[in-house]
Amino acid sequence: MFAAIVHDHQAEGRRIRQVTLNRICSTLRSALNTALRDGLISENPAALPAMPAERRPRAVV
């Protein structure tokens, strides 16, 4: 799922940041947890997604 989002942004020439992906994941996980509590689903598929790793920039001193 996240690979598709990143691919779409790169195809449009835009860069997507890791914090944006984290917010998307958090929103999705929250919505699915609510559905789980309400009995609409039996498990949350977004409980442990494989987030793409991004390298942290090195500090230039």
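Me: Is glutamate 12 buried or exposed?
Reply: In this predicted model, glutamate 12 counts as exposed because its relative accessibility is 55%, and the cut-off for that class is over 50%.

Me: Which residue does the side chain of glutamate 12 meet in a salt bridge?
Reply: The partner is arginine 14, with an N to O distance of 3.0 Å. Side chains of opposite charge can pair when their charged atoms come close.

Me: And how accessible is arginine 14?
Reply: Arginine 14 has a relative accessibility of 44% and therefore counts as partly exposed.

Me: How many salt bridges does a search of the whole structure find?
Reply: The search finds 1 salt bridge.

Me: Changing topic, how many helices and strands does the protein have?
Reply: There are 2 helices and 0 strands. The radius of gyration is 15 Å, whereas the globule rule gives 10 Å for 61 residues, so the protein is more spread out than a compact globule.

Me: What does the C-alpha trace span along its principal axes?
Reply: The spans are about 50 × 30 × 15 Å.

Me: What percentage of the residues count as buried?
Reply: Of the 61 residues, 15% count as buried. The protein exposes about 5300 Å², and 54% of that area is supplied by carbon and sulfur atoms.

Me: What share of the contacts with a separation of 6 or more comes from residues 24 or more positions apart?
Reply: Such residues account for 42% of those contacts.

Me: Where is alanine 31?
Reply: Alanine 31 is in helix α2, which covers residues 18-37. Its relative accessible area is 46%, so alanine 31 is partly exposed.

Me: What separates the C-alpha atoms of alanine 31 and glutamine 18?
Reply: The two C-alpha atoms are separated by 20 Å, and the residues are 13 apart along the chain.

Me: Then serine 42, where is that found?
Reply: Serine 42 is in the segment after α2. With a relative accessible area of 72%, serine 42 is exposed.

Terms used. Residues are numbered from 1 along each chain as its sequence is written. This is a predicted model: local features need pLDDT of at least 70, side-chain atom pairs count only at pLDDT 80 or more; totals for chains, interfaces and linings use all residues. Side-chain values use heavy atoms; hydrogens and water are left out. A salt bridge is a side-chain nitrogen of Lys or Arg within 4 Å of a carboxyl oxygen of Asp or Glu. Buried means under 20% relative accessible area, exposed over 50%, partly exposed in between (1.4 Å probe, protein chains only). Helices (H or I, at least four residues) and strands (E, at least two) are DSSP runs, numbered from the N terminus. The radius of gyration is taken over C-alpha atoms; the globule rule is 2.2 Å times the number of residues to the power 0.38. Contact means heavy atoms within 4.5 Å. Accessible areas come from the Shrake-Rupley method with a 1.4 Å probe; for residues, only the protein chains shown count as cover.
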